[in-house]
Structure formats: structure tokens, C-alpha cells
Amino acid sequence: MARGNSSAARTLRSRLTGRRVIVTLGAGGVGKTTTSAALALALAMRGGKVAVVTIDPARRLATALGLENLSGEPHRIDAVALEHAGVELRGELWAMMLDTKATFDAVVERLAPDEASREEILANPVYRELSTAVAGSNELSAVAKLYELHAEHEFDVIVLDTPPSRNALDFLEAPGRLLGFLEGRALQVFLAPGGLTAKLFGRGTALVFAIFARVTGVDMLGELSRFFRSLGGILDGFGERTRVVQQLLRSEQTGFLIVTSPEPEPVREARFLAERLRETGLGEPELIVNRVHLDGLGGRSPEELAERLTDDLGADLARRVASNLADFDVLVRRDEGTVRELEALLGGREPTLVGHLDEEVQDLLGLARIAEQLGV
Ligand SMILES: Nc1ncnc2c1ncn2[C@@H]1O[C@H](COP(=O)(O)OP(=O)(O)O)[C@@H](O)[C@H]1O
Ligand SMILES: [Mg+2]
């Protein structure tokens, strides 16, 4: 495949100009976390103050980014460590790992009106359950964190790696769902004093809860209603934050970047995501095709290539190298076909290609090799 990624890379650069938030989307395992970190690195190399918020970095990459302690706060990557990897940073690179519970706790701590209600919420078993296990809490905490990073730190760009979820767009819908819940009837009923049990659950359910409480010693309903009452004090603040994030995600300041590999399944997911983004009016996404096989025979026959390599390698080795590259060429051509299809998906714009590296990307050097290919 032609190595001419430069024109696509230039367009990626120009298309990302002016974005304050870049949300990466894509199927699991395609290199979404890796490319998010590499993109942040590339932007920081150009001179910006850039943060990457990762969700599930592979262990060694997390170590390389200094993320092994789950502080849930952004952490600046040491420029000297980057210099060792041959990277000259004109700006600043920050990284953080999203930690759902820590993020929720921080929001409660900040918004609770006083010490007592803060302690009450944090200690509540229902809260603990909600903030760790409940579906969607990942997305909600990403929303909360995004608000904090956007509003309270002066980052030029935040690259947000979205959580793996059943539906990759859950994240985008999280603010709306949360607002619906905060402003909806269910919560109002909970917060209304008196008659709660009967109103919400009816007598039969209340009885089940009562028996459950007697048998297990856990007063679920009591905990629930205490929880939502204590939450009352922070709801307005949380609703306001959610609205800000919702607006931010819908504004020109936010860009969406779909990451895929050339495999059929992730490509299907990429199509689906692009369509959903258009449908929801979130605009035209950018596309990175990662793990593309780029170097095959370069349009030559194996014999031609063997002949060209003979001076350097000797006839025998040259033949074997050419034969290996001929095998590889099958993948190169398959990927070329896939990239052309994806171009059509982008209305003829070229996606940005990142080559399939021989090794996993697990340190700053590996990230720099990917960042280079983004050409941002
Ligand atoms: N261009 C690439 N070449 C080789 N390995 C890659 C490339 N991009 C990612 N990887 C490797 O693929 C694995 C999955 O990457 P990761 O970024 O964690 O995927 P995701 O976040 O999409 O699940 C990691 O081991 C990573 O090192
Ligand atoms: Mg990931």
C-alpha cells in the first residue's frame, strides 16, 4: 500500500483544529486506548496542554503513563522520560485513568452542602452499589470527569477514551439519561416526604421489602429512601454539570474520532457508529484505521523484489524475504480494499492509517511510533 498517509494526516490535523474535546469511539480491542494516548502525545508534541483520559489501558501502557495508582486525578508525564523515548515535547502531556467510584466520590464531596450529608451519602450502601456496579456508572463518571477537566483545568485539548460498553454511544446518551432521571418523576416521588413506600412500590412490594429486611437485616427500602433524601442536596449541582457536558458534547468544540482495525467486525461497528453520530446530529466523525498492513511487495512481483534485494542480502535470503512479503501482500491488499470502503463511508475523505507494528505498544517509545503516523 502506498505509504502516503501524509495528506490524510494533514487533513486530520486541520480537521481537529479548534477542538477542545476529542471523543474516541470504536469496538474493543482495536487499539482505541492506544491511539487515544498517541493522539494526545502528538498534540502535546505540537505544543498544547493535552490530557488523555483512559479507561482500561493495558497494564504496561498504564505503567508507562504513570497510571498505576488510581488517584483519579490527571498526572503530568515526565518530559525527561519522553526525551529518553526520543520525543521532544513542546507542550504538556497529562494522563489519567477513569475510576468510577473515585470520580463519584469527588463529585459528592464537592457538592454536598455539609460534612454530615457528605458522610451520609458516601457511607450509604445504595450509593456504594450505584457508584460501582450499576450499568452506566462508567459513562456517568466519564461525564462528571469531563466536566471537571474542562471547567477546572486549563487543558487545550482533552482526548477521552470511552468505556467499553454494550452500546458505544451509551456514553453520549449518559448526560441525557441522567438529566431525565434527576428531573424525572421517580426521583421526585422518592424525595417527597411521607407515603414513599406505598406510592412507589404499592403494598405488595413493600411487604416483600419488609420480609427481606427482617431476614437479611438489610433495610433496602429504608436505605434507598435515606439515600435519595441525602442526595437531594447535591442534585441541582449535578444536574447543572450534566447540562454543561451535554452542551459541550454537542458543540463545535467536541470532535468524534472512530477507531477501527481492518477486520470485518470492527469495521461494521465503525459504520454503525458513524451512522449513529450523523443521526444524532453530532456531526462528521474522523476515522483512524489502526493495525493496517502497509508494507507488502509494493506492486512488484516476488521475483522482481528478490532480484532487487539480491545485492544486499544474497540470492537465497532475498528469495525468502520476497516470499514472506508475498504472504504479507495478501493482507496488504485486503486492507487496501477495506480502507477504500471506509473512504466511501467518509464521503470520499481519506481515513488516517496507522500501521500494524510488530510489537505491542506498551511504552512511550511505542506510543511515539504511533503518534508519528498520526502526523498531527
Ligand atoms: N498499531 C498497532 N500495532 C501493534 N499493536 C497494537 C497497535 N495498536 C494497538 N496495539 C496493541 O493492541 C492491544 C489492544 O490495544 P488497546 O489500545 O488496549 O485496544 P482497545 O482500547 O481498543 O481495547 C494492545 O496490546 C496494544 O499494544
Ligand atoms: Mg481500551
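Strand β1 is largely enclosed by the rest of the structure, because 5 of its 5 residues are buried. Here a residue is buried if 20 or more other C-beta atoms lie within 10 Å of its own, exposed if 12 or fewer, and partly exposed in between, with C-beta atoms placed from the backbone. Helices (H or I, at least four residues) and strands (E, at least two) are DSSP runs, numbered from the N terminus.

This is a predicted model, in which local features need pLDDT of at least 70 and side-chain atom pairs count only at pLDDT 80 or more, while totals for chains, interfaces and linings use all residues. Residues are numbered from 1 along each chain as its sequence is written, and chains are lettered from A and ligands numbered from 1 in the order in which they are written.

**The sheet**

From β1, Val 21, Val 23 and Leu 25 point one way and Ile 22 and Thr 24 the other way; all are buried. β1 (residues 21-25) pairs with β6 in the parallel sense, and β1 also runs parallel to β5 (residues 157-161). Two strands pair if DSSP finds at least two bridges between them.

| Strand pair | Bridges | Sense |
|---|---|---|
| β1 and β5 | 4 bridges | parallel |
| β1 and β6 | 5 bridges | parallel |
| β6 and β7 | 4 bridges | parallel |
| β7 and β8 | 3 bridges | parallel |

Val 21 is paired with Ile 158 in β5. On the β6 side, Val 23 has Phe 256 as its bridge partner, and Leu 25 stands opposite Ile 258. Thr 260 is partnered by Val 289 in β7, and Ile 288 faces Thr 352 in β8.

The open sheet as a whole consists of 8 strands in the order β3-β4-β2-β5-β1-β6-β7-β8, with mixed pairing. β3 (75-76) and β8 stand at the edges with a single partner strand each, so one side of each has no neighbour in the sheet.

β7 is mostly covered, with 7 of its 7 residues buried. The chain reaches β7 from β6 through helix α13 (residues 264-279), and this β-α-β crossover is right-handed; that is, with the strands pointing away from the viewer, the path from the first strand over the helix to the second runs clockwise.

Ala 274 is a residue of α13. Ala 274 counts as buried because it has 20 C-beta neighbours inside 10 Å. Leaving out residues up to four places away in sequence, Ala 274 touches Ile 258, Pro 285 and Leu 345; two residues are in contact if their C-beta atoms, placed from the backbone, lie within 7 Å.

In β8 (residues 352-355) lies Thr 352. Thr 352 has 27 C-beta neighbours inside 10 Å and therefore counts as buried. The C-alpha atom of Thr 352 is separated by 8.7 Å from that of Thr 11, which is 341 residues away along the chain.

**The nonpolar core and the chain overall**

The largest nonpolar core has 75 residues, of which Ala 40, Leu 41 and Ala 51 touch the most other members. α2 gives the most to this core, with 9 residues. Such a core is a set of buried Ala, Val, Leu, Ile, Met, Phe, Trp, Tyr and Cys residues joined through C-beta atoms within 7 Å. Leaving aside neighbours within four places in sequence, Leu 41 is in contact with Leu 93, Leu 367, Ala 368 and Ala 371. In helix α16 (residues 364-374), Leu 367 and Ala 371 are among the buried residues. Gly 375 follows α16 and has a positive phi, near 55°.

The protein chain has 16 helices and 8 strands, and 35% of its 376 residues are buried.
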